[in-house]
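Here are my notes on the model you sent.

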Amino acid sequence: MRIRAGFIPLVDAAVLVAAADQGFAAAEGIELELVREVSWSNVRDKLTLGHFEAAHILAPLAIAISLGLDYARVPLSTLVSLNQNGSSFLLGNETFRALEEEARGEPIGDPHVSGAALKRLVAARAARGEGQLVFAMTFPFSPHNYLLRYWMGAAGIDPDRDVRLIVMPPPYMVDALLSGHVHGFCVGAPWPSVAVEVGMGRILHFGSDIVANSPEKVLATRASFVAEHREAALALTRALIRATAWCGAPENRLALAHLLAAPERLNVGADLVLRSLEGRLRIDLQGTVREYSRYMVLESAAARPDVRQALWLYAQMVRWGQAKLDEAGRIAVERCYSPEIHDLALESMSGVERGDGIGAFAGPVFDPHDLSTYLAEIGS
């Protein structure tokens, strides 16, 4: 069967690219055609309207579509979780220096310290009559939006009043920084590294500093497609599971970097991609390198859709006024993130427990069975 899948040029499209380019899909009888898109709204529209059978998509966007938030309600089915983590906060050079001054000698790599410094910087700019700081993120229903908000909220900053958060497609963020439209951004690899390489900014935090197991992208399809083409959905899922295992093997990283760097995929240097895959990123133009093995998680243990993570994302939507908390919403989220197809394809369980499955740097432990208490404790 021929399946068209949309993707955004990001390193976390790795599993989908490997499934197509390494022959895993073909081995399952799937002719997998990948279509590169610029914006998440394009991916959303083409997936929901049937131009794509599947898509590399923001995990919370898949949930939002299934809930009908700011869009027609189209139930989606998550076949696999493509990755956890892989994003960074990047600030323009001048903004980073101003934040560093406000940190007053404390370690700015600590998100508690950087958040407090940001609060002081926001107040100082307001006192001087300067404009608000502007931060770009990829979509209202994106992990990047929630990571920025979680960090700011923990510092007592109101992200809807004290700063401006704007939506921008990932490939355009470096240009926006260059043109002075934004002071910083949160986005997935490789775009923070691209900004560092051209001397436009410095990486302040990895997304994993804020949420240790941040759900990022999934491979989703319409629930109606699964119902009508169940065997094809299972075959595609098997291909993605095999591709995940291949991507997760360290000996394949160089080959994977070259697949992703190709002009029709990300069209960037293979070295930039490789560093993201290895969790070995230059964070400034001086060549300072930060290493973290779980900067981007591409592994079989994380491929199974985890309902806990979906409910945590739903809780963030409720916290920031995008959704209401009710039983119908919870059921729709659980259906969207159901591991049924993954488990049938794998024929065995492969989940790995890691605390509450979220690992936020501050705030209460996330209990997926009691969202009301979680929201009350975190101060929605």
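1. Start with Arg265, in the loop between helix H12 (253-261) and helix H13 (270-278). Helices here are DSSP runs of H or I with at least four residues, strands are runs of E with at least two, and both are numbered from the N terminus. Arg265 counts as buried because its relative accessibility is 10%. Buried means under 20% relative accessible area, exposed over 50%, and partly exposed in between (1.4 Å probe, protein chains only). Neighbours within four places in sequence aside, Arg265 is in contact with Phe7, Pro9, Val17, Asp21, Leu34, Arg36, Leu259 and Leu260. Contact means heavy atoms within 4.5 Å.

2. A word on the source. This is a predicted model, in which local features need pLDDT of at least 70 and side-chain atom pairs count only at pLDDT 80 or more, while totals for chains, interfaces and linings use all residues. Residues are numbered from 1 along each chain as its sequence is written, and side-chain values use heavy atoms, with hydrogens and water left out.

3. Next, helix H6 (residues 111-127). Its 17 residues should span 24 Å at 1.5 Å a residue, and the end C-alpha atoms are 24 Å apart, so the two agree. The expected span is 1.5 Å times one less than the number of residues. Asp110 caps the N-terminal end of H6, with a side-chain oxygen 2.8 Å from the backbone nitrogen of His112. Just after H6, Gly129 takes a positive phi of about 75°.

4. What does the buried side of the helix touch? The buried residues of H6 include Val113, Ala117, Leu118, Leu121 and Arg125. H6 packs its buried residues against helix H5 (93-103), strand E7 (134-137), helix H7 (143-154) and strand E10 (201-206).

5. Now the sheet. Five strands form an open sheet with mixed pairing, in the order E8-E7-E9-E6-E10. Strand E8 (164-167) and E10 are the edge strands, each pairing on one side only. Two strands pair if DSSP finds at least two bridges between them. On average, neighbouring strands of this sheet are turned by 25° against each other, direction ignored. E7 pairs with strand E9 (residues 184-188) in the parallel sense, over two bridges. Phe135 has Gly184 as its bridge partner in E9.

6. Two helices pack on this sheet. H5 touches strand E6 (87-92) and E10, and its direction makes about 90° with that of E6. H7 lies across E6, E7, E8, E9 and E10, running at about 140° to E7. Axes are lines fitted to C-alpha atoms, for helices over the stretch in contact, and angles run from 0 to 180 degrees between N-to-C directions.

7. The largest nonpolar core has 147 residues, and Leu32 and Ile57 have the most contacts inside it. Its largest share, 11 residues, comes from helix H11 (residues 230-248). Such a core is a set of buried Ala, Val, Leu, Ile, Met, Phe, Trp, Tyr and Cys residues joined through side-chain atoms within 4.5 Å. Leaving aside neighbours within four places in sequence, the contacts of Leu32 include Ile3, Leu16 and Leu236.

8. Last, Glu299. Glu299 sits in the loop between strand E14 (296-297) and helix H14 (307-319). At 24% relative accessibility, Glu299 counts as partly exposed.

How values were computed
Polar contact = N/O pair within 3.5 Å; in protein donor to acceptor, adjacent residues only side chain to side chain.
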